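Please examine the structure shown below.

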Amino acid sequence: MANGFLCSVCGQIHPPAPTSYSIQAPDAYIAIPDEERATRAQISAEQCILDERQFFLRGRIVLPILNQQNQPAPELLDPRSGPALEIRIEAPYFAYGCWVEVSPRNFFRAHELWKTAGRENEPPFPGYLANELHHYPPTLGLEVLVATQPVGRRPHLTVLDQTHPLAQEQMMGLSTERIQQIAEQILHHPRT
């Protein structure tokens, strides 16, 4: 995959498959007609408020990449197991940059601590994915745990429904073949 991959959909050679994808806004923001956005939404690169009643933060879902022997990468720290320590990812990883809807209380607390050193010591809090990742079963509204990271790093999102394929890949990792499959789906069927 380092030099590119032969696409099983179109038969062409594509550049190497990306190991991260990022969604620029919550789906609810995208659904607002362009002419209404200025009056209904406040959005920055990291935070979004819709209609003064929906609150979103941008975060990352990190999945380990399996090695050549399809062994999982060293275990990621699970924020459910204690204080929200910094999530350290030593092995190669794949990431989705996406949005999560959170309660007003948690949103304003995160906003208050946005540039405060030590904010990663805050306890994790619940949220719900605010984007549909179209190459999985439905993800919009999927419950996650939000673990604040040090200043300058986006929150780490842990999918809580362990039966969901996204949660399973977050726990067990992705093979290079799966990464190629995701790239093919995004290239050729971006909304399916």
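**Helix H3 and the cysteines**

Q: Against which strands do the buried residues of H3 pack?
A: Helices (H or I, at least four residues) and strands (E, at least two) are DSSP runs, numbered from the N terminus. Contact means heavy atoms within 4.5 Å. The buried residues of H3 pack against strands S5 (47-50), S6 (54-64), S7 (93-102) and S8 (125-129).

Q: How is the model made, and how are residues numbered?
A: This is a predicted model, in which local features need pLDDT of at least 70, side-chain atom pairs count only at pLDDT 80 or more, and totals for chains, interfaces and linings use all residues. Side-chain values use heavy atoms, with hydrogens and water left out, and residues are numbered from 1 along each chain as its sequence is written.

Q: Which residues of H3 are buried, and within what arc do they fall?
A: Buried means under 20% relative accessible area, exposed over 50%, partly exposed in between (1.4 Å probe, protein chains only). In H3 (residues 104-112), Asn106, Phe107 and Ala110 are buried. They line one face of the helix, because their directions from the helix axis to the C-beta atoms fall within an arc of 105 degrees.

Q: Which exposed residues does the face of H3 turned away from its buried side carry?
A: This question concerns the other face of the helix. That face carries the exposed residues Arg105 and Glu112.

Q: How many disulfides does the count come to?
A: A disulfide is a pair of cysteine sulfur atoms within 2.5 Å. By this rule, the count comes to zero.

Q: How far from Cys10 is the nearest cysteine sulfur?
A: Cys10 is in no disulfide. The nearest cysteine sulfur belongs to Cys7, at 3.8 Å.
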